[in-house]
Structures are given as C-alpha cells and as structure tokens.
Amino acid sequence: RGMAPTSGAQGGASQRRVSASMSARTSSSDALLASDALPAPPRSRACQGGVGTVDSAVVGSHAAAASASEADESITARRLRVFAISDVHSDFSENMAWVDALPLEENTTDVLIVAGDVSDHALTLQGTLKRFRARFSDVFFTPGNHDLWDEKSSIEKLQRVRDMCRECDIHTLPKWFALPNTSRRLFVVPILSWYHASFDTEPDIDHLASVLPRVQNAMTDFRACQWPSGEQRELNALDESLATYFDALNDAWIRDDDSHYESWTALEDMLNGSDDPLISFSHFLPRIELIPEKRFLFYPHLPKAVGSTFLGDRVVRLTSKRSSAEKRHVHVFGHTHFAWDSTLDDSIRYVQSALCYPSERKQRWGSIAMPRLEHAPVLLFDSDLKDGGGGGGFVGEMPARWSEHYRRTRRDPSNLELAPYVSAMWERRKQRHEQQ
C-alpha cells in the first residue's frame, strides 16, 4: 500500500509556524494545510538555552585546519566523505538533540551540506551551524524560507546570515576538494533561490476551488518574510521578481567575493571542461517532477510555492556540455519534506534528505526515511567507493518512497482524481464549510 495515508503527502513546506516574535502576524489559515491525521506540530524553544555558543576551542581547531590552501590540500588529500541534510528545524528540542548527538571527531575530513531551513531564529541558526562546524571539517549552507523570516527586512536578514556564515567559517560559495590518489577534484556548489508561482505548470484541481485557500493566504512566508515594495523595487513570490532577484545573487556573490572564480560563467566553463564529480545544492526544487502530483497532496496548491525554473536552468548549465555518461552531477534540495533520490531526463541525480518536524517523523516516517537518517545526515559521496558504488565515489541510489513510486509509475499530472486519503480530508472540510 505505497500510497496509503501514512505516506503523508502534505509535505513540510506548508506546515509552517512562526516564532514567538511573529506570532501576532500568524493567521489560523495554516491549520488548513495539515490533515486531521497530521496536525501541525507545536513550536518548542526548550533547545535555546546557550544555543548561541559552542566550545570555541573545538571550532577554532577546525578553522585552523581549514586555513590551508587548496593547492596544499591536493598534495595531502585524505579520504573524503560528503553528507547532506535539509530542513533541520532545530527550533524543536528533539531536532537540536539530534544535532548534538552527532559525534565529535578529531582530524575529520568529512563535509556536510545543509540545504536550508535550520531556524527562523538567528541565535538558533548560528548555534546549529556552529554545532555542525564542530563535527565536520567543512560545512556548506544555503538559506531556506524559514531562515529568512524577519519582521523588518528579509533582504537585510539574508546579508546578516551571510556575514554570520563568514564569521563561523560556513561556506556559502563554491569550493573544490582534492580526491586522494588522483588528479580529480570534487566540487560543491551552493545555489541561492526562491520560489515563484509560475514554476507550477501542471493542471489545478478546480473542484476544490471553494475550499482551497490561495497560496498567499496559506503559506506563512507571505506574512513572515518582509520584501521591498514601492516604486524603485518590489519583490513578490507570486510573480517571478523574487525568484529572479535570488537567482541573480548567485552571480553577484561570486563576483563580489575574493574566490577562485571570476564569475559564475567561469565556474560553469570550468565544470563543463572536466569530468570532476559535482554536488550542487539549493533549498528549493529545480524541477516540478520532484514533488508528488497534486492529487496526492493535502494542499494541492503547494507546487506554487516550492521551486524555481531559474534555479533549474542554473543547475543544468553546470554540466550541460558533458555527455550523459560523464555528468557525475548530484543536486541536493529540501523544502518539501519528502525523501527523494532519482535521476531525471537531464541525467542529473536529485536527492532530498530532510530531517523534518518531530511529529512528521513519528506520523509519516515512511515518506521521510533515508538510510541512517534517524541518527545522522545521509552519505552522498565517499572517495573510497571509487567507481563501484554509484560512479566516481557517489553512493548508489537510495530507497525513498516517492521517488521509488515514480520509478514504477509514470507521472500523470492530468489525472486529477484525488487520492482517497486526500479526498476524505477535503470532504470533511467541505462539510464544515457548508455548515458555517
């Protein structure tokens, strides 16, 4: 019964709650986004005692080790492993405990990718990233929607997050790592993005129009994020302005930074001129095929607030000139809280390994489960695997409920017949609506 209600096809992107400082602007419409069987989780701040600090000696030792040049690194390259996690939501004490339980290992060369949605609270975000930095030699991060919730300016918060990452030795720009016993390198490329409604190109389920809230009323982002508005500049997730703004930041951040790459185009040229393995990552989705069809979703408008075609184009361009056999390109994403691992028609492999909310792990673990995720981030790359585990050190494709479903079943967005568990929920909603 792969499509049973326990698959929980609501997705975490719509089960949002603001912090205490934003609670006055939170409407009850969020309750519409969770099924009766999957109530939206309560918010916990029990984890925040001392969350802004971590053992400075531990962090400092890693920072010193990371200060060697990449040229020196290529000479002394050791085993390299890359792990990935998204949607950590460490505001929840259970999730922060998951982070704290990760082992502290000296002289590690392990790398961690954090694909957004750590916390809307600045100190919790900083404390969580510091904890990760104390456990991995290199940590990469790109912000998600939660990370940019702010009462005054989400653009200014983005800059503060960027500055904080610099101070904490967290990578927000591309970097390469030498692989042992070879001249090849592994590239890790963070990509900034935001969603736009036109990303959703699949038919709507019109017969729910009377009870289905509009996306701007349903998604907390529209209240918890503050974007510029006025004659000089206006950014909006309903049109493409916000998505194009974030996409252009990728060019600006590389251009303004003292890095190895003169421009994003130069990075693309470098990657397309080699067969070096690549892991790119974003918080939002680069392809509409990476979310279940609307008939499986408790909130069928969710695809209007999950992805970006501009992001998708940027991901493809990184290896567009490589042959299918030489892609060696994995893209990590987050946001929707569905485990995923599949290779699409662009020969790029797409992976989501989201920690999600504690309540989601209890109620619909089947649609979240990935290898070892109960205790640790998911392993993507291990230089010791050579070419045997999945090509160039990548682990083989991992079991994930929804991507396995689409390996067996052709995607058919024209089929608008609601899954039984979705239909039952909306029938209850309709009845309550008619009685009011």
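1. Helix H5, residues 154–167, gives the most to the lining of the second largest cavity, with four residues. The model is a predicted one, and the points below should be read with that in mind.

2. The second largest cavity holds about 40 Å³ of space. Its lining consists of Phe 141, Thr 142, Pro 143, Leu 158, Val 161, Arg 162, Cys 165, Thr 172, Leu 192 and Trp 253. By class, this lining has seven nonpolar residues, two polar ones and one charged one.

3. How many cavities of 30 Å³ or more does a search of the whole structure find? The search finds three. The largest cavity has about 50 Å³ of space. Around the largest cavity stand Thr 142, Thr 172, Leu 173, Pro 174, Pro 190, Ile 191, Leu 192, Asn 250, Trp 253 and Trp 264. Seven residues of this lining are nonpolar and three are polar, and no charged residue is present.

4. For the protein as a whole, the secondary structure amounts to 13 helices and 10 strands. The protein has 436 residues, and 58% of them count as buried. Among contacts between residues at least 6 apart in sequence, 81% join residues that are at least 24 apart.

5. Six strands form an open sheet with mixed pairing, in the order E4-E5-E6-E7-E9-E8. Strand E4 (175–178) and strand E8 (340–343) are at the edges and have a single partner strand each, so one side of each is left without a neighbour in the sheet. On average, and with direction ignored, neighbouring strands of this sheet are turned by 15° against each other.

6. Within the sheet, strand E7 (residues 329–333) pairs with strand E9 (residues 349–352). The sense of this pairing is parallel, and it extends over four bridges. Which residue of E9 is the bridge partner of Val 332? The partner is Val 351.

7. A helix also lies across part of the sheet. Helix H9 (residues 264–272) lies across strand E5 (185–190) and strand E6 (278–281). The helix runs at about 145° to E5.

8. Ile 205 is located in the loop between E5 and helix H6 (215–218). Is Ile 205 buried or exposed? Its relative accessibility is 4%, and buried means under 20%, so Ile 205 counts as buried. Not counting residues up to four places away in sequence, Ile 205 touches Lys 294, Arg 295, Pro 300, Leu 416 and Leu 418. Leu 418 is 213 residues from Ile 205 in sequence, while the C-alpha atoms of the two are 8.6 Å apart in space.

9. Arg 295, one of the residues that Ile 205 touches, belongs to the loop between E6 and helix H10 (309–317). With a relative accessible area of 16%, Arg 295 falls under the 20% limit and is therefore buried. Neighbours within four places in sequence aside, Arg 295 is in contact with Ile 205, Asp 412, Asn 415, Leu 416, Glu 417, Leu 418, Ala 419 and Val 422.

Terms used
Residues numbered from 1 in each chain as written. Predicted model: local features only at pLDDT ≥ 70, side-chain atom pairs only at ≥ 80, totals over all residues. Heavy atoms only, no water. Pairing = 2+ DSSP bridges. Helix = DSSP H or I, 4+ residues; strand = E, 2+ residues; numbered from the N terminus. Axes fitted to C-alpha atoms, helices over the stretch in contact; angles between N-to-C directions. Contact = heavy atoms within 4.5 Å. Buried < 20%, exposed > 50% of the residue type's maximum accessible area, 1.4 Å probe, protein only. 1 Å grid on protein atoms, 1.4 Å probe; cavity = no way out; pocket = protein on both sides within 12 Å on 5 of 7 lines; lining within 4 Å. Points joined across faces, edges and corners; volume = space filled by probe spheres on them. Nonpolar A, V, L, I, M, F, W, Y, C, P; charged D, E, K, R; others polar.
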